[in-house]
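Try each task before you read its solution.

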Amino acid sequence: MKPTTRGTLAVVVAGVAVAMGAAATPAAATGGVPVPVPLDGVEKSLGTQMPKLGMELPLLVPGVPEGPRYVEGRLVPEGALPQVPLTGRLPGVALGVPLPRALGPGFDHVGVDIPASDLRTLTPGLALDAPLSAPDPQHYGVPHLKMPEVGVLAPVLQTVVGGDLGAGPGTGR
């Protein structure tokens with residue numbers, strides 16, 4: 001095989017590999033893992049319509065916490081035990097339930113769709129200071145005693161959840 005043919009073949013194979021890699025999106029890039037709930041076997045064995053259910057489980061991604069910061073007048077740096085940011089998504093749910101003739105003609109299915117929503121959190125942290133003041137030059141560099149300071153930084157949870165509820169004819173979700 002000639003070197004130009006080998007080079008062309010290598011470029012074509014590399015292009016196909018890149019195209020296949022771009023088509024297959026990993027779960028970590030989407031923020032969640034879709035989980036279908038297979039109820040088709042139950043539906044066929046019982047001879048009745050079963051609810052259609054699908055979910056999406058989130059993947060939490062830890063962030064980088066802020067490092068400790070020196071604050072004048074304190075012996076222990078601020079943020080000695082920092083809050084760690086986590087980002088991810090709340091799970092999404094899609095449910096379609098058959099209700100034959102329960103709501104009248106033309107409304108034989110009820111569907112609920114709650115899409116996965118973004119989630120931002122901070123873990124609890126700790127703020128503390130030693131029971132000694134900074135060295136005092138007025139007292140030959142000897143620190144003063146003081147009350148120790150301890151505080152718990154509350155966790156943070158931020159998200160916006162939405163959903164759709166609908167009824168109508170059809171086969172459900």
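**Exercise 1.** Find the bridge partner of P85 in β7.

*Solution.* Keep in mind that you're looking at a predicted model. Start with strand β4, which covers residues 85-90, and strand β7, which covers residues 117-122. The two run antiparallel and are joined by six bridges. Now go to P85: its bridge partner in β7 is L122.

**Exercise 2.** Work out which strands stand at the edges of the four-stranded open sheet, and why one side of each is left without a neighbour.

*Solution.* First, write down the strand order, β3-β4-β7-β10, with antiparallel pairing. Next, look at the edges: β3 (61-62) and β10 (156-159) each have a single partner strand, so one side of each has no neighbour in the sheet.

**Exercise 3.** Sort the lining of the largest pocket into nonpolar, polar and charged residues.

*Solution.* Begin with the volume, about 180 Å³. Then list the lining: E66, G67, R69, E78, G79, P82, Q83, A127 and L153. For the sorting, Gly goes with the polar residues, while Ala, Leu and Pro count as nonpolar. You end up with three nonpolar, three polar and three charged residues.

**Exercise 4.** Describe the whole chain: how many helices and strands does it have, and what share of its residues is buried?

*Solution.* Count the elements and you get three helices and eleven strands. Along the sequence, they follow the pattern α-α-β-α-β-β-β-β-β-β-β-β-β-β. For burial, take residues under 20% relative accessible area; these make up 12% of the 173 residues. Finally, the accessible surface comes to about 12,200 Å², and carbon and sulfur atoms account for 69% of that.

How values were computed. Residues numbered from 1 in each chain as written. Predicted model: local features only at pLDDT ≥ 70, side-chain atom pairs only at ≥ 80, totals over all residues. Heavy atoms only, no water. Pairing = 2+ DSSP bridges. 1 Å grid on protein atoms, 1.4 Å probe; cavity = no way out; pocket = protein on both sides within 12 Å on 5 of 7 lines; lining within 4 Å. Points joined across faces, edges and corners; volume = space filled by probe spheres on them. Buried < 20%, exposed > 50% of the residue type's maximum accessible area, 1.4 Å probe, protein only. Areas by Shrake-Rupley, 256 points an atom, 1.4 Å probe, with all protein chains shown as cover.
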